[in-house]
Amino acid sequence: MTNSETSIFIQKNSVAIRIWHWLTFLFVIALITTVLLESTVLNQRDNIPVVQKVLQSKGISVDNNQAQAVSHLYGEKMWDIHKIFGYFLSFLFLSRIIIELTQSKEEKIKYRFKSAVALLKKPGSDKKELKHYLIVKASYSFFYLLLMSMVVTGLLVAFGADLGITGPVRHSIKEVHGFIQYLIYAFVVFHLVGVILADIGKAKGIVSGMINGGK
Ligand code: HEM
Ligand code: HEM
């Protein structure tokens, strides 16, 4: 438990978890990319003068409102793509629940927590490493909570109108969705720094373990 060969961080990852992990990585990055593109190059307000300038060169003069009717179109298209990626991520969230229910006892989140707590109570165990392990596992549970909130709020915004959710309620749900994005970004940064430091340090091979399953 104390040296790198027997680090508690070196665990087996099932094929299902590995496929799930890299697909989730892909769709989270894709969703973040759509948000970034919408708020930069496709931003409807920033593009008002662009539309006006292009039309001006053709001898057509339009006011801000008229230009915005065109400039918002590309942003809207990007949100449509965001929604499609969002449905994929919602499906991945559902898959993660199914994986949790069907994978072996040793790989279940609850079992990993329980066995680490039991080890922590054992005399002579490496308390520092076990506490670190518990924090890392807690960060994953926190991410699953964020993912669930993103999926629920995203689907409510996408299908809310059919359920009678409109106006200020829809707006508030969208604001919550928009706020949780920052917690997702914080997790991604924390996670990337964490796995890289772990791989450089005591838990060598932890990253390749998420590719080849681990020894
Ligand atoms: C990593 C995950 C995600 C991130 C970072 C993210 C981020 C965002 C952000 C920043 C907005 C704009 C909010 C605002 O205008 O206040 C948004 C809108 C939206 N998101 Fe997500 N989102 C994610 C996942 C999802 C998922 C899983 C769905 C489910 C379908 C979804 C559906 C939507 C919808 C429908 C909108 C409104 C688009 C519109 O204005 O037409 N998102 N998202
Ligand atoms: C959007 C980006 C990412 C997200 C949302 C994400 C999410 C997660 C989650 C939720 C887990 C826990 C899986 C479980 O329940 O056991 C995990 C584990 C892991 N991830 Fe990521 N991940 C991301 C990117 C990456 C990248 C780029 C790498 C490699 C450089 C990576 C390497 C790992 C490793 C090695 C583990 C296992 C760590 C351990 O056993 O404690 N992840 N990731």
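A: Helix H1 and helix H3 pass each other in a left-handed crossing, meaning that the near helix is turned anticlockwise from the far one by less than a right angle (clockwise would be right-handed). Helices here are DSSP runs of H or I with at least four residues, and strands are runs of E with at least two, numbered from the N terminus. This is a predicted model, in which local features need pLDDT of at least 70 and side-chain atom pairs count only at pLDDT 80 or more, while totals for chains, interfaces and linings use all residues. Residues are numbered from 1 along each chain as its sequence is written, and chains are lettered from A and ligands numbered from 1 in the order in which they are written.

Two packed helices are described by the angle between their axes and the distance between the axes. Axes are lines fitted to C-alpha atoms, for helices over the stretch in contact, and angles run from 0 to 180 degrees between N-to-C directions. For H1 and H3 the angle is about 160° and the axes are 9 Å apart. That makes H1 roughly antiparallel to H3; the term covers angles over 145 degrees, with under 35 roughly parallel, 65 to 115 roughly perpendicular and the rest oblique. The contact of H1 with H3 has 17 nonpolar, six polar and two charged residues. Ala, Val, Leu, Ile, Met, Phe, Trp, Tyr, Cys and Pro count as nonpolar, Asp, Glu, Lys and Arg as charged, and the others, Gly among them, as polar.

H3 also packs on helix H2 (residues 48–57), with an angle of about 100° and axes 8 Å apart. H2 and H3 are therefore roughly perpendicular to each other. Ile48, Val51 and Gln52 of H2 meet Asn64, Ala67, Gln68, Val70 and Ser71 of H3. Residues are in contact when their C-beta atoms, placed from the backbone, lie within 7 Å. By class, this H2 and H3 contact has four nonpolar, four polar and no charged residues.

Another partner of H3 is H5. Their axes come within 10 Å and cross at roughly 135°, so H3 and H5 are oblique to each other. H3 passes H5 in a left-handed crossing. On the H3 side the contact is made by Lys83, Gly86, Leu89, Ser90 and Phe93, and on the H5 side by Leu147, Met148, Val151, Gly154, Leu155 and Ala158. The contact of H3 with H5 has seven nonpolar, three polar and one charged residues.

A residue is near a molecule if its C-beta atom, placed from the backbone, lies within 6 Å of it. H3 gives the most to this shell, with seven residues. Of the 23 residues around ligand 1, Trp79, Gly86, Gly154, Gly178 and Gln181 come nearest. The shell has 13 nonpolar, seven polar and three charged residues.

As for confidence, pLDDT is the predictor's score for each residue, from 0 to 100. The protein averages a pLDDT of 93, and 97% of the residues score at least 70. Over residues 1–5 the pLDDT is below 50, and this stretch has nine contacts in the model beyond near neighbours in sequence.

Notes. Two residues are in contact if their C-beta atoms, placed from the backbone, lie within 7 Å.
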